[in-house]
Every structure is written in structure tokens, then in C-alpha cells.
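User: I would like to go through this model and ask what stands behind each label. Please set the values against the cut-offs.

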Amino acid sequence: MTLIKSISGIRGTIGGEPGDNLTPLDAVKFASAYAKWIKEASGKKSPTVVIGRDARLSGAMIQALVQNTLVGMGCHIIDLGLSTTPTVEVAVPIENADGGIILTASHNPKQWNALKLLNNKGEFLNGVEGQKILDTAAAEDFNYVEVDDLGTVKVVTDYIDRHVDLVLDMPVTKVDAIKAMNLKVVVDGVNSTGGIAVPALLKKLGVEVVELYCDPTGHFPHNPEPLKEHLGDLAAAVVEHKADFGITVDPDVDRLAFMTEEGEMFGEEYTLVACADYILGHHKGNTVSNLSSSRALRDVTESHGGTYYAAAVGEVNVVTKMKEMNAVIGGEGNGGIIYPDSHYGRDALVGIAMFLSLLTEKNMKVSALRASYPEYYMSKNKVQLTKGMPVDDIMKDIATQYVNEELTTIDGVNS
């Protein structure tokens, strides 16, 4: 059980002692610190904040704590209720809000929850902004408003539908061509809000949907990280229903993975590769991904005449690099798609629309599409660091061992 504090927010397990877990006291403290920051950043006495949550079991409790804390700080709330991370991100600028909070622990198991913090553009905070909130929370340096200055709550229940319509309206979404394909797709919504959003998008695109774990109860039927070892039921369902392919997302719908018609993983590493292949075929330009990604995106980008750039791990780092290099698409090797013409945030719905649009042009099975891309393998393993471990020396040894490779030290040692 632990509480992890970072510049993008806080996450932890529910229950236990304050300061060691995500308890009600911790939720209130960090919501208060965020409210103070948003008031200073906006210059407003009563700023507006958009709040949404995934379907995990602690979501309603954490939302009530966070939301009412912000009301007590004088903030006006736009409550989206059950939502997705990208839905909250697009809602912030549409509502002309001053910030947003997403209550989700992303791919982590059900005992986890988190506060993800957004600025007035619907983007994650940078390091300076996030650190200021952490410092404010640690010092408990905030004051609540008097009764006449309490904030208000406005409930808006249709933002997932609005988000879906925005994706359908993107010029790159080939709505009519997708409808003409008469596809059948199995969707694993891991019993969270992807079970609402993904079928809604597919049905509007004329896709026959077989729903698997699409009831947003928060009881995740398997480990919610969209990896092969967790998706045996999806593989079986794709084959059983003779579907064209399968789709799975994580609980907050910012990561996207596909499964071929044979019940084999397309590879979340290749989600971004396929989407970039489609976008670059229509709009020449540069791409960016984090350093926890294979070389496949670079190969595909260069085949279209563009330049690939790598960024340190962390969505805010990828977005910063994308803006710097004017990238037309970017993201992460974990199935995160960032398309600036929509918004600067990972968005599985955007990725689905691109993937389907690509299929209309390729006119091939998903397994054949996967085989058309460069073949790279990655093993993403975690090593438990112990006190006193000479990490810097280990990094130097790795760099020496691979001295003949093209190395970068932007984020650790990468080749």
C-alpha cells in the first residue's frame, strides 16, 4: 500500500493511514492545493473546474471528497460523472474552464485511484506547476472561503456522446467508408467507461459490436492493463464470433490495443505505428514518442519522408516535444495516441477512428496489416532498486556495453 506523489497528480491505494495511502484526508489536502493553484493561475476568485471519473469502485467517494473540497475553496464545478480521461481533456477548453481533474488510476488494479490534474487547455501540468501544488499540499498552505462564496456544481451527463461526435467530425475519420466495410468487432471495456465510449463510437460508424465486460461496474474482470497475458477472454471471443478484430482499452480510455482476427495481439506498441502510418499518408510531418517505444515508429515516419523524435517518458514530455517539433501525431509505446488536430492528450477513441480509416485504405485483414510493419520486440521489465544501489554506475556500464549503438541519455540509457 502506498501513496505516490508526482507533478501530474497523486495516486495510491484506498484505505490505510493518511500519507501512506490515498485516504480521504489525502484527497482533500491535494484537492485544496490544486484549488489554490488554479485560483492563482487563473486570477479568478471563483474559477471553473471540470471533473470526471472512471468506473472504479472508489470513484464516487473520491469524487465527492474532491468536488466538495473545491466547492469549499470557492470553485465552480462541471461534473461529468462517469467519463474518460480524453473526454475530460476535451471538455475543459469547450467549457472555457480554468482546469480539470480526472479521477482514475489508469491501468492500475481496482484498489488504486488517483487525481490527475489539468490546466486550462485540458493538458497535464508541467513540472513547475505540479511541484508548486505538491509543496502547497505538504505545507497545508490554503484557506477555504466563507459561506457566501462557496462554489457551485453543474452536472453534465452527455460529454461522452459529445466526445464521440468530435471524433466522427474529424476530417481524417472516413465515416462512410468505414460503414461500407460492415465490420464486426469485439470490445473488452474492462467494466469501466470504455464500455460506454467505445461501443458508442463503433455503432455510429456502422460497426457490429460484440460487448465483452462493457458494464461500468468497476469490478475489473482481469488485470486492467491491456497486455497479452490479461486478454485471453478477448482472444477467445474474437475467434468464437468470427470478428474482424478486437479492441481493448484501459479503465480511463487513454490506452488502446487491438487484436487480430486470429486472436493474436496486434501489439500495443504498434497501435501508434498504424495510426501514424495513416496520418502521415495524408499529412506529411514529424512524429514523437517516448523512449519506452520501439524503432518501428521511426521507420514508418521516415518511409513517409518525416522525422522521428524521442521524448522522455511521461505524457507531458511527449506533448512538449510534439509542440517543439510541430509533430502531426505522437504518443507512447503503450498504446497512447496523441493527435494535435483533436487535442494534446492520449485518446483511444481518436486512435480507433484512425485505425478503422486505415483499414478502409489498406483493404487487408488486421493480421496482414500487422505483418506489413517492421518487426521489433521489447521486453518492458521492472527492476526493484535497493538502497545504495549504484544506479549511475550501472547506466555507465550499459552505455559502455552498447557503445557502438546510437545511444541517448534523455531518459536513462536508450538505444
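User: What makes the radius of gyration of the protein chain agree with that of a compact globule?

Analyst: The radius of gyration is taken over C-alpha atoms, and the globule rule is 2.2 Å times the number of residues to the power 0.38. For 415 residues the rule gives a value near 22 Å, and the protein chain has 21 Å, so the two agree. Along the principal axes, the C-alpha atoms fill a box of roughly 65 × 55 × 40 Å.

User: Which conventions apply to the model and its numbering?

Analyst: The model is predicted, local features need pLDDT of at least 70, side-chain atom pairs count only at pLDDT 80 or more, and totals for chains, interfaces and linings use all residues. Residues are numbered from 1 along each chain as its sequence is written, and side-chain values use heavy atoms, with hydrogens and water left out.

User: How many helices and strands does the protein chain have?

Analyst: There are 14 helices and 15 strands. These are DSSP runs numbered from the N terminus, with helices being H or I of at least four residues and strands E of at least two.

User: Why is Leu 25 called exposed?

Analyst: Buried means under 20% relative accessible area, exposed over 50%, and partly exposed in between (1.4 Å probe, protein chains only). Leu 25 has 57% relative accessibility, so it counts as exposed. Leu 25 is placed in helix α1, and its C-alpha atom is separated by 8.9 Å from that of Leu 65, 40 residues apart along the chain.

User: What share of the protein chain is buried?

Analyst: Buried residues are 55% of the 415 residues.

User: Which residues of α4 are buried, and why are they said to line one face?

Analyst: Gly 130, Ile 133, Leu 134, Thr 136 and Ala 137 are the buried residues of α4. Seen down the axis of α4, the buried residues fall within an arc of 160°, so they line one face of the helix. That arc is the one of the directions from the helix axis to the C-beta atoms. As background, an α-helix has 3.6 residues a turn, so residues three or four places apart point the same way. On the face of α4 turned away from its buried side are the exposed residues Val 128, Ala 138 and Ala 139.

User: What do the buried residues of α4 pack against?

Analyst: They pack against β1 (3-6), α1 (24-42) and β6 (112-118). Contact here means heavy atoms within 4.5 Å.

User: What makes Asn 126 a cap of α4?

Analyst: Asn 126 caps the N-terminal end of α4, with a side-chain oxygen 3.1 Å from the backbone nitrogen of Val 128. A polar contact is a pair of N or O atoms within 3.5 Å; within protein, one must be able to donate a hydrogen and the other to accept it, and residues adjacent in sequence count only if both atoms are side-chain atoms. Just after α4, Glu 140 takes a positive phi of about 50°.

User: Why is Thr 104 called buried, and what is its polar contact?

Analyst: Thr 104 has 0% relative accessibility and therefore counts as buried. Thr 104 is in the loop between β5 (99-103) and β6. A polar atom of its side chain lies 2.8 Å from the backbone nitrogen of Ser 106. Leaving aside neighbours within four places in sequence, its contacts include Asp 54, Arg 56 and Asp 252.

User: Is Asn 191 buried or exposed, and where does it lie?

Analyst: Asn 191 has a relative accessible area of 10%, so it is buried. The residue lies in the loop between β8 (184-188) and α7 (194-204). A polar atom of the Asn 191 side chain is 3.0 Å from the backbone oxygen of His 219.

User: What is said of phi for Val 190 and Val 253?

Analyst: Val 190 has phi near 45°, a positive value in a residue other than glycine. Val 190 lies in the loop between β8 and α7 and, at 0% relative accessibility, counts as buried. Val 253 has a positive phi near 65°, also in a residue other than glycine. Its place is the loop between β10 (245-249) and β11 (256-259), and with a relative accessible area of 0%, Val 253 is buried.
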